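Please examine the sequence and the model shown here.

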Amino acid sequence: MPSPKRYGSMSIAMKNGAELKREIEKLEKNSEKAIAYTISDARRLAPGWVRESVKKHYNVDNSGLKSVDVKIEETTDSLEGIKIRYKGRLLTFKHFSLTPKSAPKKRTRSRDLIPGQAIKMKMKERPVGTIRQPKPYGVTVEIIAGQRKKLNSRTFVYKGIAWCREPGMQRWEKKSVSVLRGPSVPQMIDGKAHDTVMKTIDENLDKRFRNQCKRFLGQE
């Protein structure tokens with residue numbers, strides 16, 4: 001009497017198997033295209049996403065925002081490998097709603113004596129020079145949105161730029177002065193705008209990927 005059969009095998013051919021294989025290969029290629037186009041979108045649109053996020057926290061004008069160079073680099077075939085680099089110079093206060101934009105015209109006060117200055121004078125009994133000293137005026141700037149601050153009394157505006165005199169310098173003395181500067185856009189990105197930048201990029205990247213999936217994979 002033969003022993004019971006405990007094992008066996010059979011060959012199965014899936015109907016339209018070759019066609020299904022081609023569809024899978026096509027799906028894989030289209031998936032790669034969806035990722036590649038999403039990365040391309042990120043390269044093109046990321047600078048705008050970053051600037052939009054910074055604007056929510058800092059009162060910086062458009063020309064100041066454009067000073068930053070934002071690039072997508074070191075990408076891989078995966079969206080998880082995207083790396084953003086940014087660089088930019090320190091911005092002068094003119095990019096942060098500097099007020100006033102120029103020195104007031106009517107700002108002179110009574111003449112002050114300047115001992116030792118030799119100039120032609122009608123009154124010989126007064127061997128000193130005189131000058132019409134400008135009145136001080138307030139200069140304000142708004143770097144963080146909604147927080148306007150007054151700059152120190154040594155600040156003055158010339159050609160739309162805020163300058164600061166050295167401490168102890170009299171207004172008529174010709175000494176070195178320095179341009180006042182605020183933060184750079186990279187500092188803003190790493191500062192108050194950091195979380196907003198991350199969230200904005202993540203949300204927009206997700207939207208672009210879904211759109212590309214609909215385009216290449218027919219996903220709704």
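This is a predicted model: local features need pLDDT of at least 70, side-chain atom pairs count only at pLDDT 80 or more; totals for chains, interfaces and linings use all residues.

Residues are numbered from 1 along each chain as its sequence is written, and side-chain values use heavy atoms, with hydrogens and water left out.

**Nonpolar core**

A nonpolar core is a set of buried Ala, Val, Leu, Ile, Met, Phe, Trp, Tyr and Cys residues joined through side-chain atoms within 4.5 Å. Buried denotes under 20% relative accessible area, exposed over 50%, and partly exposed the range in between (1.4 Å probe, protein chains only). The largest such core has 31 residues, of which Val 50, Val 54, Val 60, Phe 93, Phe 96, Val 185 and Met 188 touch the most other members. At least two residues each are supplied by helix 1 (17–55), strand 1 (69–73), strand 8 (155–158), strand 9 (161–165), helix 3 (185–190) and helix 4 (194–217). Helix 1 gives the largest share, five residues. Helices (H or I, at least four residues) and strands (E, at least two) are DSSP runs, numbered from the N terminus.

With residues up to four places away in sequence not counted, Phe 96 touches Asn 59, Val 60, Leu 91, Val 141, Glu 142, Ile 143, Gly 182, Pro 183 and Met 188. Contact here means heavy atoms within 4.5 Å.

Leu 90 lies in strand 3 (residues 90–92). This residue counts as partly exposed because its relative accessibility is 42%. Apart from neighbours within four places in sequence, Leu 90 contacts Arg 181, Gly 182, Pro 183, Ser 184 and Gln 187. The C-alpha atoms of Leu 90 and Val 185 are 7.6 Å apart, although 95 residues separate the two in sequence.

Thr 155 belongs to strand 8 and is buried, since its relative accessible area is 3%. Its side chain reaches the backbone oxygen of Asn 152 at 3.1 Å. Beyond four places in sequence, Thr 155 is in contact with Val 139, Ala 162, Trp 163, Cys 164 and Leu 180.

Strand 8 and strand 9 run antiparallel and are joined by four bridges; two strands pair if DSSP finds at least two bridges between them. Tyr 158 stands opposite Ile 161 of strand 9. Two residues lie between the strands of this hairpin, where Lys 159 takes a positive phi near 55 degrees.

**Salt bridges**

A salt bridge is a side-chain nitrogen of Lys or Arg within 4 Å of a carboxyl oxygen of Asp or Glu. By this rule there are five salt bridges, including those tabulated here.

| Arg 208 | Asp 41 | 3.2 Å |

Asp 41 is buried, as its relative accessible area is 6%, whereas Arg 208 is partly exposed at 25% relative accessibility. In the second pair, Arg 148 is partly exposed with a relative accessible area of 39%, and Glu 142 is buried at 16% relative accessibility.

Arg 210 and Asp 206 are four residues apart in helix 4, so about one helical turn separates them. Arg 210 is exposed, with a relative accessible area of 52%, and Asp 206 is partly exposed at 34%. Elsewhere, salt bridges with shared partners join Asp 41, Arg 44 and Arg 208 into one network.

Note on methods. A polar contact is a pair of N or O atoms within 3.5 Å; within protein, one must be able to donate a hydrogen and the other to accept it, and residues adjacent in sequence count only if both atoms are side-chain atoms.
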